[in-house]
Amino acid sequence: MITVCIGDVGYAEDSRPEELPPGEQARLGRLLRPADRRLFLATWTAATRLLAARLQVAPRKVELDRRCARCGDATHGRPVLRQSTLRLSVSHSGEQFAVAIADELDVGVDVEQETAELWSPAMHEVVLAPDEPVPSRASQAVVWTRKEAVLKCVGVGLLAQGAGVVAEVVAAQHRHPEIVEQHPLQ
Ligand SMILES: CC(C)(COP(=O)(O)OP(=O)(O)OC[C@H]1O[C@@H](n2cnc3c(N)ncnc32)[C@H](O)[C@@H]1OP(=O)(O)O)[C@@H](O)C(=O)NCCC(=O)NCCS
């Protein structure tokens, strides 16, 4: 089963930092901008509540490991659950967030606020394979988020990969995921 939850920063009003696991509280505490804090709080409250419901523990008892597979740093890698085989992916941008949770299946999700900088010529080099046509303005965000979601599923970031690898990965998995279950936030 795959659970996909989408929401926005307004969910922070229904969230309390003390409800988050200690590690997430510490990460929240390191964010300086109020807008970043609100979005982080909304995102991780949703994520830990969904995980807690599946694990039947309190949200603050959800144990997440974030060791970076590239450098070993304990604070910025892909989030992995310590006490379960459930997998998760989160994304936040602008005022929106998404959380995906799956049973024993790697999962990746991405949301992106559309800005002029998002699709500058410099970003073409990062996002597109050498022979990949530049997408139309209308589909740029779709191309970007699809690639990021796939690479987050694999467990690496977009900037850590060559664009050719990105194109190969996406070509191999170029189909819409089936959303089996969806939880709108209350
Ligand atoms: C990971 C990455 C794709 C995130 O993209 P983004 O558009 O900036 O942000 P999003 O909101 O979509 O995703 C952020 C979430 O991705 C998750 N994440 C972080 N690293 C990840 C990874 N390697 N794989 C999958 N998910 C990852 C985290 O949960 C993070 O949210 P959090 O900080 O609130 O916990 C991007 O930052 C990236 O390309 N990072 C590569 C950096 C890298 O490899 N560094 C190596 C340093 S040694």
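Colour the protein chain by pLDDT, the predictor's confidence in each residue from 0 to 100: the average is 83, and 84% of the residues score at least 70. This is a predicted model, in which local features need pLDDT of at least 70 and side-chain atom pairs count only at pLDDT 80 or more, while totals for chains, interfaces and linings use all residues. Residues are numbered from 1 along each chain as its sequence is written.

Among the elements, strand S4 has the highest mean pLDDT (96) and helix H5 (residues 163–172) the lowest (50). Over residues 171–180 the pLDDT falls below 50, and this stretch has five contacts in the model beyond near neighbours in sequence. A contact here requires the C-beta atoms of two residues, placed from the backbone, to lie within 7 Å.

Next, switch to a cartoon of the protein chain. Helices (H or I, at least four residues) and strands (E, at least two) are DSSP runs, numbered from the N terminus. Of the contacts with a separation of 6 or more, 57% are between residues 24 or more positions apart.

Select S4 (residues 86–93) and then S5 (residues 96–103). The two strands run antiparallel and are joined by eight bridges; strands are taken as paired if DSSP finds at least two bridges between them. Leu 86 stands opposite Asp 103, and the bridge partner of Arg 87 is Ala 102. Two residues separate the strands of this hairpin, and Gly 94 in the turn has a positive phi of about 60°.

Asp 8 is found opposite Gln 96 of S5.

Now colour by burial. A residue is buried if 20 or more other C-beta atoms lie within 10 Å of its own, exposed if 12 or fewer, and partly exposed in between, with C-beta atoms placed from the backbone. Of the 186 residues of the protein chain, 27% count as buried. In S4, seven of the eight residues are buried; in S5, six of eight.

Which residues have the most contacts inside the largest nonpolar core? Select Ala 46, Ala 47, Leu 88, Phe 97, Val 99, Ala 100 and Ile 101, within a core of 27 residues. Helix H2 (34–55), S4, S5 and helix H4 (140–154) each supply at least two residues of this core, and H2 gives the most, with nine. Such a core is a set of buried Ala, Val, Leu, Ile, Met, Phe, Trp, Tyr and Cys residues joined through C-beta atoms within 7 Å. Centre the view on Ala 47: leaving aside neighbours within four places in sequence, Ala 47 is in contact with Leu 88, Val 90 and Val 99.

Follow H2 from end to end. Its 22 residues reach 31 Å from first C-alpha to last, close to the 32 Å expected at 1.5 Å a residue; the expected span is 1.5 Å times one less than the number of residues. Gln 56, which follows H2, has a positive phi near 60°.

Finish at H4. The end C-alpha atoms of this helix are 21 Å apart, in agreement with the 21 Å that its 15 residues should span at 1.5 Å a residue. Its buried residues are Trp 144, Lys 147, Glu 148, Ala 149, Leu 151, Lys 152 and Cys 153. Just after H4, select Gly 155, whose phi is positive at about 105°.
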